[in-house]
Amino acid sequence: MPNENRKRGKKHKKTQEHSQPHRDTNQAPQNAEYRDRPSWIVPAQESEEPHPEAPFGYVDPDIKAYFRTVDDQIRTWQQERPYEEDQAADLDPNEAKRIFLVAALSEMSEKEKQLATDPDCSVVLERMAYSMDDFVRRVFLDSLSGSYEALIKHRFASHVCQTLFTVAADTVSRETKGIFPSVPDSKDKGELRTLMRLILDICEELMPVFTSLVMDPFASHVLRALLLLLSPTNSAASHKAQSNMRSKKSSAWKARQGTMKSVFADNKSHDHVDSARSVPNEFREAATGFVRVLKNELSDNEVRALAANKVASPLLQLILEIEADHGESSLPNSLMDHVLVGIVTLCHRNSDEPLEASDYLVTLLRDPTSSHLLETMVSRCPDDAFTILWATYFRGKLARLTTHPVANFVVAKAAERLNPTQLKGALEELESSWNKIIGSARTGVLRAIIDRACTLRAHEEDITQAVCNAFQLLQPNDRSHLVSCVLVLKPLQEYLANRPTKHNSEDAQQSSKKGNADDSKEPKIQGALILQSLLRLSAPHCTIVTDSIKSLPIEDLILLSQNPISSRVIDVLFDSETVPFKVKRTLVMSLIGHYHILVDDRIGSRVGDRCWAFADPYLKEKIARSLIVHEQFLAASHFGKFFARNINLYLLQRRPDEWRELQSQSKSSSGSTTSPSVLPSAPSATVQRPNSDDVEISHSSKTSKRRRGRPEDEIDAVFNANLGAMTKTTAISATGSTNKVIIHKSDQALDIQDVLGAIRAAPSDDGGRGRGKRQRKS
């Protein structure tokens, strides 16, 4: 006996029971069949159950190694790295990419299911899906037909299906418009279905098992992608569902895989699904079919149980969105009615008897998972149902709900649908609770009420008074500290107690650049959002913010403009249509003399550009002349040099009339193309000093005569032909100090000798000294 088969311990004699091998009657024919063959041939098992991790078989190691190289190459292209070829440098890069992908797709043929379920190759298929054309996508989806139930429940193949449904939206949109790719003729294969037909067949395949897939941890994400493909909605909740299509763990894993987009086009918004795209009517009917299957096969309690499930709740939100878009949520016994515990049915009865609060909906208000579903129901339920919902579950309980860590988000969503009467009642109910709301830093309800008042143009005076009471700005003089208090979310007394002095503010600015700033003194995003909402109130009421900004010292105003959070307040001040023009102009003028400090910052330079874009030509000249003495400072600044290049101080100092005409035309045309007689001026094409890129024409008369005297050869013919298709865009000033002419191509012809003659006729700055030197040399 070989040593590796020996065992330690005492040897025991085998009994007769152990010595006789167990014989199975089913193996008797197999033993008889293989009796005459060598002993080392072992018969394979005829029926083996597939492994759950590889239901369609394992991928060959050589194939996996090949697709690993494919993944590396596509990732390099998707990261926009230059692709270098040693042997074919003159080959079109897109053609090389197309050849490479065709080879990879050929290798993938008849192995799609195995590759989709492989942990290494599935991400390669996801990466390739963005670069597939319409025909290849149809072939790939058709190759997976009949196995989608197993694929979408698989850990890795589910993400492949999800990506395919996401990128299929563009192909479906083209097919809806009648744009189909050319299909190569082949006698061996049958007719290839269109992608719309393939999607409908997938829906028919998944419809019988839809209720069992709703709570599957892998299939639920795929179903959400499929439903968004079938019925894109215009609501904000659909975009939220699109962004949360993957779980947090899956999103983090995909982020580590790098950017995924097409390698053939610069498609920066590849992950954005256009909610306004057109889809065929069959898609909407298929989406409605999924809704009806869920409504018919699940009872009321089973539908309500989905709301608290972390896997099924996001899918149920999307189904409620689709039901509302198709107009079925207002019908009795709808899914919306099931989740709202019969409120929709009660609206159809026209009963005046009060509704008792359901413990189920009260639980949804405070549950971190199901509260998102309640937000969807509050936003999309019928108006009559919302009135009952607000009166039963919100009114009279706002003081407790607005400070709850979960329920305050639902209240903020409900505040977006309040009518003027309900808004007035909410303000009266929360009159004594604003201090506690600000202290808990849960300002979503306050901001939602301000936005609703802006939409209705009602109770705006009560809103401003509520904000002042929330931050203890009781006296008229205290309102000058509104911006400072709201930004840090502190009442007036607490802000004044911790108010930084001038020395401390400089230290805070230095420490904030190093990342060591005190969080209690830094502007908060919630406070900046409140100020932005206040600036959208009508003219008499939004001045509470503008007056506070106007009263700030210039140092504090610059610090506010250089902060990435608080600078957004300045942006909204310029964008708001309700802020008076005089207020905006006053803000721009208050910064004159300090623009060089403002633009010497990454954020402040952006605010300086906003001020410059708003200013009229007269105000622009005042700003530019105030910066002439700081020209060297701006040139040495990393961010200020771009602002100085935009205002073009060089042209202002030497040709002020031309600079004024330039600013007038840029203001009137709003970025349109200027006339050929002036230099181009626009924020995207700033006027710069003449550089080496400009065409410099300076030939002596002797050279020009010699060139005219000799016969024209082939090179001169090409040169004259190209140069003759150019025209001047500037004229040489009589007082100009440069002899450079910037020329651009046009359809008009230009005689080169006319340009040379104009250069010779222009007076030089050396007073003839250069001409005298040339004479002495000759």
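**Which loop does Asn 648 lie in?** Asn 648 sits in the loop between α41 (640-647) and α42 (649-654) of this predicted model. Its phi is positive, at about 60 degrees, although Asn 648 is not a glycine. For comparison, most residues other than glycine have a negative phi. Is Asn 648 buried or exposed? With a relative accessible area of 5%, Asn 648 is buried, because the cut-off for that label is under 20%.

**Arg 457, with a positive phi in a loop.** Here we look at the loop between α27 and α28 (460-470), which is where Arg 457 is found. Arg 457 isn't a glycine, yet its phi is positive, at about 55 degrees. Its relative accessibility is 42%, so Arg 457 counts as partly exposed.

**The whole chain, before zooming in further.** The chain holds 47 helices and two strands. Of its 778 residues, 43% are buried. Take the contacts with a separation of 6 or more: 71% of them join residues 24 or more positions apart. As for confidence, pLDDT averages 78 over the chain, and 70% of the residues score at least 70.

**Two stretches to read with care.** Over residues 671-709, pLDDT stays under 50. The model still gives that stretch 52 contacts beyond four places in sequence. Residues 764-778 also stay under 50, and for them the model has two contacts beyond four places in sequence.

**Helix α9 against helix α10.** How are α9 and α10 set relative to each other? Helix α9 (residues 157-176) and helix α10 (residues 195-206) pack at an angle of about 130 degrees, and their axes are 9 Å apart. That angle is why the pair counts as oblique. On the α9 side, the contact uses Phe 165, Ala 168, Thr 171, Val 172, Glu 175 and Thr 176. Leu 195, Met 196, Ile 199 and Ile 202 come in from α10. Sorted by class, the contact has seven nonpolar residues, two polar and one charged.

**Helix α16 against helix α17.** Helix α16 (residues 300-307) meets helix α17 (residues 312-325) at an angle of about 110 degrees, with the axes 7 Å apart. Angles from 65 to 115 degrees count as roughly perpendicular, so α16 and α17 get that label. Val 303, Leu 306 and Ala 307 of α16 touch Ala 312, Ser 313 and Leu 316 of α17. Five of the contact residues are nonpolar, one is polar and none is charged.

**Helix α17 again, now against α21.** Here α17 and α21 pack at an angle of about 10 degrees, with their axes 9 Å apart. The two helices are therefore roughly parallel. From α17, the contact takes in Ser 313, Leu 316, Gln 317, Leu 320, Glu 321, Ala 324 and Asp 325. From α21 come His 372, Leu 373, Thr 376, Met 377 and Arg 380.

**Ser 379 of helix α21.** Staying on α21, we now pick out Ser 379. Ser 379 is partly exposed, at a relative accessible area of 29%. What does Ser 379 touch, not counting residues up to four places away in sequence? Its partners are Lys 413 and Arg 417. Glu 416 is 37 residues from Ser 379 in sequence, and their C-alpha atoms are 8.1 Å apart.

**Helix α24, mostly covered.** Helix α24 (residues 407-415) has seven of its nine residues buried. Those seven are Ala 407, Asn 408, Val 410, Val 411, Ala 412, Ala 414 and Ala 415. What do they pack against? The list is α20 (359-366), α21 (371-380), α22 (383-393), α23 (398-401) and α27 (444-456).

**Phe 394 and the largest nonpolar core.** This core has 182 residues. Phe 394 is among those with the most contacts inside it, along with Met 128, Phe 165, Ile 199, Leu 230 and Met 377. Some of these have come up already: Phe 165 and Ile 199 take part in the contact of α9 with α10, and Met 377 in that of α17 with α21. Leaving aside neighbours within four places in sequence, Phe 394 is in contact with Leu 365, Val 378, Leu 389, Leu 401, Val 410, Val 411, Ala 414 and Glu 429. Val 410, Val 411 and Ala 414 are also among the buried residues of α24.

Methods. Residues are numbered from 1 along each chain as its sequence is written. This is a predicted model: local features need pLDDT of at least 70, side-chain atom pairs count only at pLDDT 80 or more; totals for chains, interfaces and linings use all residues. Side-chain values use heavy atoms; hydrogens and water are left out. Axes are lines fitted to C-alpha atoms, for helices over the stretch in contact, and angles run from 0 to 180 degrees between N-to-C directions. Helices (H or I, at least four residues) and strands (E, at least two) are DSSP runs, numbered from the N terminus. Angles under 35 degrees count as roughly parallel, over 145 as roughly antiparallel, 65 to 115 as roughly perpendicular and the rest as oblique. Contact means heavy atoms within 4.5 Å. Ala, Val, Leu, Ile, Met, Phe, Trp, Tyr, Cys and Pro count as nonpolar, Asp, Glu, Lys and Arg as charged, and the others, Gly among them, as polar. pLDDT is the predictor's confidence in each residue, from 0 to 100. Buried means under 20% relative accessible area, exposed over 50%, partly exposed in between (1.4 Å probe, protein chains only). A nonpolar core is a set of buried Ala, Val, Leu, Ile, Met, Phe, Trp, Tyr and Cys residues joined through side-chain atoms within 4.5 Å.
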